[in-house]
Amino acid sequence: MQGEIRAQGSDTPSLSIVMEDRKTTRANPAKAAAEKLNFWYGSNQALKNINLVIPEHQVTALIGPSGCGKSTFLRCFNRMHDLQADTKYEGAITLRPDNVNLVGPETDPIEVRMRIGMVFQKPNPFPKSVFENVAYGLRLRGINNKTELAERVEKALRGAAIWDEVKDRLNDSALALSGGQMQRVCISRALATEPEILLFDEPTSALDPIATAKIEELITELRQRVTVLIVTHNMQQAARVSDFTAFMYLGELVEVDATSKIFTNPAKKATEDYITGRYG
Amino acid sequence: MEAEHQVPAAPGAASAPRVQPAAATHGGDPLEGHISKTVDQSLSDLRIHAVQMGGLVIDQVGSAVQALTERDVRLAELVLSREPVVNDYETRLDRDSLTFIALQQPVANDLRAARAIARVGLELERVGDESKKIARFAARAGALGQNDPVVAVARYLRHMATLSSAMLRGAVRALDESDPALARDVLAMDREIDQEFATALRQLMSFVMQDHQFLGATIDTVFALKGLERIGDHAKNVAEQVLYMVEGEAPRKKASAGGA
Amino acid sequence: MAATAHMTLEEIRKGLSWRKQLDKLFIAIGMALLFGCLAILAILFFDLVRDGSSRFGWDFFTSFPSRKAENAGILSAAVGTMLIMVVTALVALPVGVAAAIYLEEYAPKNWFTGIIEINVTNLAGVPSIIYGLLALGLFVYQFNFGQSVLTAGLTLALLILPIVIVATRESLRAVPKAIREAAYGLGATRWEVTKDHVLPYSTGGILTGLILGLSRAIGETAPIITIGALSFIAFLPPSPVTGEFPFLNFEWLRSEFTAMPIQMFNWVSRPDQAFQANAAAAGAILLGMTLAMNAVAIWIRYRFRKKISW
């Protein structure tokens with residue numbers, strides 16, 4: 001089984017193939033493309049020759065069993081691995097249209113993080129007021145004008161569909177909110193700086209079903225403003241929110257296709273076995 | 001479900017549905033091997049019921065045509081009495097597949113299987129309806145004289161019954177064994193039954209031109225022939241569902257699929 | 001297996017009551033030990049208060065030492081102690097926090113920083129008189145700070161530095177990784193993450209560590225004697241605040257001094273019984289100061305914990 005998947009992983013679809021395969025979803029130009037991406041934790045290779053195109057203004061979901069490298073791959077996009085010692089990138093993630101290699105040694109990780117936002121697994125608001133949470137990214141960018149801050153914070157909170165719930169408690173601690181509200185504040189915080197790509201790392205794994213539904217609805221709406229890449233353990237969630245689904249296994253990209261295709265008739269047996277629960 | 005036991009041992013795979021399909025064309029059965037044994041069990045139950053239903057329906061077709069051509073009113077009544085059982089099967093398949101989808105939220109081939117089996121149930125139920133109509137005619141036709149339209153086309157009726165039964169049997173077996181090759185064979189047989197139907201109609205036309213006495217019975221006979229032709233179409237639809245289930249893509253429908 | 005594991009209700013109840021007895025026994029032992037310790041502390045404190053009761057009064061706080069026990073007071077000692085504590089806090093806090101931030105947030109994890117870390121922890125166990133000897137050689141003779149408030153403050157700062165560093169590192173470490181990642185994810189630099197998030201969120205722990213360090217320093221006698229504190233001082237250091245520009249005066253740093261423990265030590269070693277009452281009263285006050293500082297530390301910790309819960 002493993003050998004079979006490895007063999008398939010090496011000829012994963014390149015840009016052109018993905019574009020042709022997209023029968024049911026309208027074709028958008030690429031926002032980013034991973035090209036021959038390899039990644040190591042020390043001597044342990046976590047990503048093997050990943051080639052994947054992220055279409056602009058669409059939601060791409062990464063699925064796969066625990067340890068398959070999907071979160072590792074996601075975190076390459078904003079260089080989160082740089083916070084850890086002894087990690088190594090090889091290959092490229094090219095951001096369009098200016099063709100900056102996000103994982104290139106010449107690229108400043110802070111510059112990358114200013115362009116690409118991230119929402120984490122557990123809601124992680126700062127223990128500050130709701131307003132200061134959302135404003136922090138703007139302050140980092142040197143925006144300190146009160147009117148401008150207020151405007152952009154409101155816009156971001158509206159964008160994350162939480163303005164009505166928090167508009168009267170902007171100065172209360174964000175930690176006083178419910179889990180789902182906290183997560184939407186975190187999404188606002190990431191949206192406030194108008195990132196080009198928004199990364200979601202299992203954003204609803206700590207939330208109840210209603211809060212999850214709200215976040216999922218939000219993600220499907222967000223695609224109009226931002227390109228979304230989401231890692232999820234919940235396959236139904238991938239099916240509900242994404243336009244494209246990529247299945248990863250043992251650090252390799254096994255298959256990527258329109259979500260409607262993956263969940264009705266995947267091309268690779270490994271994908272089908274995983275999504276139908278046949279991994280033993 | 002006592003009625004299940006009444007089903008005479010129909011020939012072919014349908015009579016003994018679960019006798020080691022794994023020995024057939026494929027290495028492993030595509031509906032099995034889940035981590036969750038409940039999923040395996042649910043899918044297996046769905047398929048067993050569909051195959052059992054298939055066995056019953058094949059027998060209904062054969063018995064109805066036999067009742068008609070051999071003037072056996074009692075056999076016709078047996079067919080009519082078993083019709084509710086066929087309907088029960090269909091209701092149950094529909095309900096069980098819906099429950100399976102709701103509770104297990106299948107995707108990919110599991111989802112295709114659940115949907116395909118529900119639709120196979122629907123097709124087989126319609127085959128049951130056609131058999132019922134033929135059996136009703138047979139019950140009435142018992143009073144007819146010797147030189148009637150049924151006698152005129154009896155040969156075609158029997159042949160079409162054999163053909164449609166064979167198609168049904170093939171389709172049900174393809175479902176039982178998840179065998180796309182068997183399903184394709186069934187699709188190929190449809191042409192033959194259509195040709196047979198056209199020939200029978202011509203035969204009947206020349207019959208009715210000679211003798212106007214049996215105009216009513218002739219119309220009924222046309223319906224019986226048409227019913228058998230429809231059964232062939234339903235068998236073809238079952239085979240298409242099997243192909244969809246196994247391969248993920250339905251074969252392209254021909255314009256003639258709706259019948260002549 | 002199921003058959004052997006099955007227990008009747010009787011057996012379950014019997015076994016359970018024995019185990020519950022054990023539970024109660026442990027609670028009883030724990031309570032006894034706890035109250036025993038508290039009782040000893042209370043007896044000590046009340047004994048001091050009783051012995052020194054004759055001396056409590058405004059005069060005791062406003063008088064300089066005297067040859068007559070009934071005229072003697074702790075004015076110079078109390079002021080000296082407070083000034084030393086100010087110097088100690090002002091030195092230990094920035095140095096300790098900076099060292100902790102470097103070790104926790106910036107230093108690469110290798111053998112060199114490993115050795116530094118182990119040594120910082122070990123420093124907390126060095127006998128305080130060693131610090132006194134070090135200070136005598138370094139601050140008094142080498143840097144020529146004299147036997148002054150400054151020298152005493154620096155010495156005690158050195159003494160509590162490991163405590164501050166360890167406490168600060170603990171509270172820096174308590175800031176969850178998720179919070180740091182959130183800030184980095186928005187494009188913050190390492191310094192911005194430290195300044196805007198890690199430090200503010202660990203203030204409670206840092207201040208607690210500082211105060212606990214100070215409450216240890218306040219009672220230290222040996223290093224202060226070593227550097228040559230006087231035990232008989234009948235004057236106050238120059239006031240830090242003046243009426244003229246620039247309103248601040250740092251002369252007090254160079255002033256000679258005495259401190260509470262020294263004063264006590266001096267009185268205890270006198271043959272005159274009347275001075276014993278003075279020593280007891282001063283001891284009660286010193287103990288009171290320590291407890292008050294610990295109370296403040298607990299209050300700070302409680303307040304911050306209420307504001308920030310991960």
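Visitor: What should I know before I start?
Guide: This is a predicted model, in which local features need pLDDT of at least 70 and side-chain atom pairs count only at pLDDT 80 or more, while totals for chains, interfaces and linings use all residues. Residues are numbered from 1 along each chain as its sequence is written, chains are lettered from A and ligands numbered from 1 in the order in which they are written, and side-chain values use heavy atoms, with hydrogens and water left out.

Visitor: How much space lies in the largest pocket?
Guide: About 830 Å³. On a 1 Å grid over the protein atoms alone, a pocket is an open set of points with protein on both sides within 12 Å along at least five of seven lines, a cavity is a set of points where a 1.4 Å probe fits but cannot get out, and lining residues have an atom within 4 Å of a point. Grid points are joined across faces, edges and corners, and a volume is the space filled by probe spheres set on the points.

Visitor: Which residues lie nearest the centre of that pocket?
Guide: Leu83(A), Gln84(A), Ala85(A), Glu105(C) and Arg190(C), out of 29 lining residues. By class the lining has 13 nonpolar, five polar and eleven charged residues. Here Ala, Val, Leu, Ile, Met, Phe, Trp, Tyr, Cys and Pro count as nonpolar, Asp, Glu, Lys and Arg as charged, and the others, Gly among them, as polar.

Visitor: Which helix gives the largest share of the lining?
Guide: H8(C), with four residues. Helices (H or I, at least four residues) and strands (E, at least two) are DSSP runs, numbered from the N terminus.

Visitor: What does H8(C) cross?
Guide: Helix H9 (residues 190-201) of chain C: the two axes come within 10 Å and cross at roughly 145 degrees. Axes are lines fitted to C-alpha atoms, for helices over the stretch in contact, and angles run from 0 to 180 degrees between N-to-C directions.

Visitor: Which residues make the contact?
Guide: From H8(C), Ile179(C), Arg180(C), Ala183(C) and Tyr184(C); from H9(C), Arg190(C), Val193(C), His197(C), Val198(C) and Tyr201(C). Contact means heavy atoms within 4.5 Å. These residues divide into six nonpolar, one polar and two charged.

Visitor: Now cavities. How many are there of 30 Å³ or more?
Guide: Five. The largest cavity holds about 50 Å³ of space.

Visitor: What lines the largest one?
Guide: Met118(A), Phe120(A), Cys186(A), Arg189(A), Ala190(A), Ala182(C), Gly185(C) and Leu186(C). H8(A) gives the most to this lining, with three residues.

Visitor: And the sheets? What is the order of the six strands?
Guide: E6-E7-E8-E3-E9-E10 in chain A, forming an open sheet with mixed pairing. Strand E6 (116-119) and strand E10 (252-258) are the edge strands, and each pairs on one side only. Two strands pair if DSSP finds at least two bridges between them.

Visitor: How do E6(A) and E7(A) pair?
Guide: In the parallel sense, over four bridges. Val119(A) has Phe200(A) as its bridge partner in E7(A).

Visitor: What about the sheet of four strands?
Guide: That open sheet of chain A has the order E2-E1-E4-E5, and its pairing is antiparallel. Strand E2 (44-55) and strand E5 (100-101) stand at the edges with a single partner strand each, so one side of each is left without a neighbour in the sheet.

Visitor: How many bridges join E4(A) to E5(A)?
Guide: Two. In E5(A), Asn101(A) is the bridge partner of Thr94(A).
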